[in-house]
Amino acid sequence: MDWKTFQALLSGVNKYSTAFGRIWLSVVFVFRVMVYVVAAERVWGDEQKDFDCNTKQPGCPNVCYDHFFPISHIRLWALQLIFVTCPSLMVVMHVAYRDDREKKHRQKYGEQAKLYDNTGKKHGGLWWTYLISLFFKTAIEIVFLYLLHLIYDSFYLPRLVKCGVKPCPNEVDCYIGRPTEKKVFTYFMVGASAFCIVLNVCEIIYLIAKRITRIARKMKSRGRMVALQQQDCKDQDCSNCNLPMSRLDLKPAPAFRIDEDLQAPAPNLSSAA
């Protein structure tokens with residue numbers, strides 16, 4: 001497998017990640033991929049040749065090896081590393097989609113027109129894409145750890161296994177090559193995977209808390225603006241500031257009252273004459 005190409009594909013994720021995401025990527029490539037390529041592949045090698053059984057029955061060692069090792073550690077880890085890093089490509093693809101939209105928008109409306117302030121900033125749909133990718137990575141890590149625990153009985157590798165699967169004539173003893181060394185690498189890879197899960201959970205909490213804080217600040221600033229507007233209305237002695245425009249328009253005009261003295265009857269001119 002060409003791990004250099006794999007690393008080149010994920011190198012762009014770093015500039016869109018948080019501090020937790022950068023630490024996660026460093027742990028994946030330094031403590032998992034490098035250990036896998038440099039040491040783990042050589043330790044396992046052709047492990048079926050190192051699996052010895054005290055019988056000459058044809059097919060018995062092969063069947064016993066398949067019974068105790070349905071999938072090799074090294075191949076399971078390779079699948080885990082591929083699957084666990086694929087969700088990060090969702091973020092890169094989303095940013096590429098934003099860049100393409102921004103390019104088309106500028107071609108249509110001019111170079112000064114902007115659709116996004118920053119195509120790599122985690123706002124709107126990109127924030128959700130990043131958060132979903134974290135949930136996928138965490139779920140994949142947990143699933144592969146469970147599979148490893150289920151297949152290899154709590155990550156333990158014994159020196160001797162007893163096999164009675166046909167076509168073995170009876171229960172035979174089979175010996176695993178380099179069991180202690182393999183056990184050390186297994187625990188190391190499991191610990192690195194568990195640490196990556198912790199980093200993913202911390203990053204999820206960080207993103208959600210930051211989003212809630214931003215929303216709370218917006219609501220607080222909006223409340224301050226409303227309070228300032230109400231204070232301005234009080235300072236200007238505006239009694240109708242809090243009324244909607246429809247009520248202001250429908251408010252009846254003040255009635256004029258005619259003084260009773262002005263309504264006195266006119267003098268009788270004939271009697272005066």
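Are Cys53 and Cys174 buried or exposed? Cys53 is buried, and Cys174 is buried too (buried is under 20% relative accessible area, exposed over 50%, partly exposed in between, with a 1.4 Å probe and protein chains only).

The model is predicted: local features need pLDDT of at least 70, side-chain atom pairs count only at pLDDT 80 or more, and totals for chains, interfaces and linings use all residues. Residues are numbered from 1 along each chain as its sequence is written, and side-chain values use heavy atoms, without hydrogens and water.

The whole structure holds 3 disulfides, each a pair of cysteine sulfur atoms within 2.5 Å. Cys53 and Cys174 form one of them, with sulfurs 2.0 Å apart. Cys53 sits in strand 1 and Cys174 in strand 3, 121 residues apart. Helices (H or I, at least four residues) and strands (E, at least two) are DSSP runs, numbered from the N terminus. The S-S torsion of Cys53 and Cys174 is about 105 degrees, so this disulfide is right-handed.

Helix 3 supplies Cys64, which is joined to Cys163 in strand 2. At -90 degrees about the S-S bond, the link of Cys64 and Cys163 is left-handed. Cys64 is buried at 0%.

Now the helices. UniProt, in an unreviewed entry, places a transmembrane region at residues 127–152, among others; such annotations may be inferred rather than shown by experiment. Residues 127–152 are 96% helix. Helix 5 covers residues 125–151 and spans 39 Å. Asp153 follows helix 5 with a positive phi, near 55 degrees.

How values were computed:
The expected span of a helix is 1.5 Å times one less than its number of residues.
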